[in-house]
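The following note sets out some points for a colleague who is reviewing this model.

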Amino acid sequence: MDSRQKQEESGMDNQQKQGSLITDYGQITLSKNRYHHRIHLLNIIGEIEGHENLGSSSKTSKYEHILPQLAAVEDDEGIDGLMVLLNTVGGDVEAGLAIAEMIASLSKPKVCLVLGGGHSIGVPLAVSGDVTFIVPSATMVVHPIRMNGTVLGVTQNYEYIERMQDRIIEFTSNHCSIKEEELREIMFNTKELTKDIGSVLVGRQAVEVGIIDRVGGIHTAMNCLYDLINAKKNSKIEQYEHLNWHKYTRVAVCIWIRTAIWVITIRKMSVIIGEWGKREGVHTVATGNNNNINFIWIITSQSLEFELQ
């Protein structure tokens, strides 16, 4: 009865922890799938908050919460993959780019799904996964970066903004199939938006231009992540078996070489003893061969145990 109560209490504790993760950080770990993979779900919503706090009425994703959690995902051997849900209007450029770099550099399989919108700095976030999806009704506004507050009208400031823009374009083009020239053309389009520069891509359009990989929802994205995790685990098994095959082959070659050396040595010793016996007039009989052979197998079996260790 006590063990059952402990199990129920531990289950309630886990549910409370998961609930607090959702409430506080918009994150949860999923583990009840048919493969029993443990998948960390990261939700990036609203405006990406940077070095300044936004108003209490704004929904934000804080980089000081997301970056440590991504590091924990990389460090945790129990986490098999990462699913990123995106519905963001953009936000702080450096904070968004930092999160995108962290996601892209994870060794775990990761999939990004754009829901609702992936605007502005949300574009680099959307392409940071191994495979990216967008639902048919979601939109992505691709436009140049903007500066808030006081801006000095000097050449150096313009060059700084241009270099920051190049960083975003380079990251985005390196993590999807669109070329830099095509991305610049979409980004600096002056014919579509009346009060801004840029383009609006709806669902399949983002796939057609090469920014997003596929159109699909959560079911398709999760199945894709399962496949990525299974492929990674199978490759580890094949690599392990490949290494073991080389290992046992090396041991077999060592046994064969050592056995051949001992056989040659015994034959030479027999010839030498026979010649000595003829010179000295002593009758010799090769009665030690069986003992020598047994001695050979003892040596080789010990060598095998040493190699296997």
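Predicted model: local features only at pLDDT ≥ 70, side-chain atom pairs only at ≥ 80, totals over all residues.

1. Of the elements that supply the lining, H5 gives the most, with three residues.

2. The lining of this largest cavity comprises 14 residues in total. Those that lie nearest its centre are Ser120, Ile121, His143, Ile168 and Met187. Sorted by class, the lining holds ten nonpolar and four polar residues, and no charged residues.

3. How much space lies in the largest cavity? The volume is about 100 Å³. With a threshold of 30 Å³ or more, the count comes to one cavity. As background, empty space left among atoms is shown by rolling over them a probe the size of a water molecule.

4. Val123 is placed in helix H4. Is this residue buried or exposed? Its relative accessibility is 4%, and because buried means under 20%, Val123 counts as buried. Beyond its neighbours within four places in sequence, Val123 is in contact with Gly118, Met140, Val141, Val142, Thr172 and Ile211. A further relation concerns Gly90, which is 33 residues apart from Val123 along the chain; the C-alpha atoms of the two are separated by 8.4 Å.

5. Thr172, one of the contacts of Val123, lies in helix H5. At 1% relative accessibility, Thr172 is under the 20% cut-off and therefore also counts as buried. With neighbours within four places in sequence left aside, the contacts of Thr172 are Val123, Pro124, Val127 and Leu183.

6. A separate point concerns helix H2 (residues 63-75) and helix H3 (residues 93-105). Their axes come within 10 Å and cross at roughly 10°. Since angles under 35 degrees count as roughly parallel, H2 is roughly parallel to H3. The angle between the axes and the distance between the axes are the two terms in which packed helices are described.

7. Which residues meet where H2 and H3 are in contact? From H2 come Tyr63, Ile66, Leu67, Leu70 and Ala71, and from H3 come Ala95, Ala98, Ile99, Met102 and Ile103. By class, this contact has ten nonpolar residues, with no polar and no charged residues.

Methods. Residues numbered from 1 in each chain as written. Heavy atoms only, no water. 1 Å grid on protein atoms, 1.4 Å probe; cavity = no way out; pocket = protein on both sides within 12 Å on 5 of 7 lines; lining within 4 Å. Points joined across faces, edges and corners; volume = space filled by probe spheres on them. Helix = DSSP H or I, 4+ residues; strand = E, 2+ residues; numbered from the N terminus. Nonpolar A, V, L, I, M, F, W, Y, C, P; charged D, E, K, R; others polar. Axes fitted to C-alpha atoms, helices over the stretch in contact; angles between N-to-C directions. Parallel < 35°, antiparallel > 145°, perpendicular 65-115°, else oblique. Contact = heavy atoms within 4.5 Å. Buried < 20%, exposed > 50% of the residue type's maximum accessible area, 1.4 Å probe, protein only.
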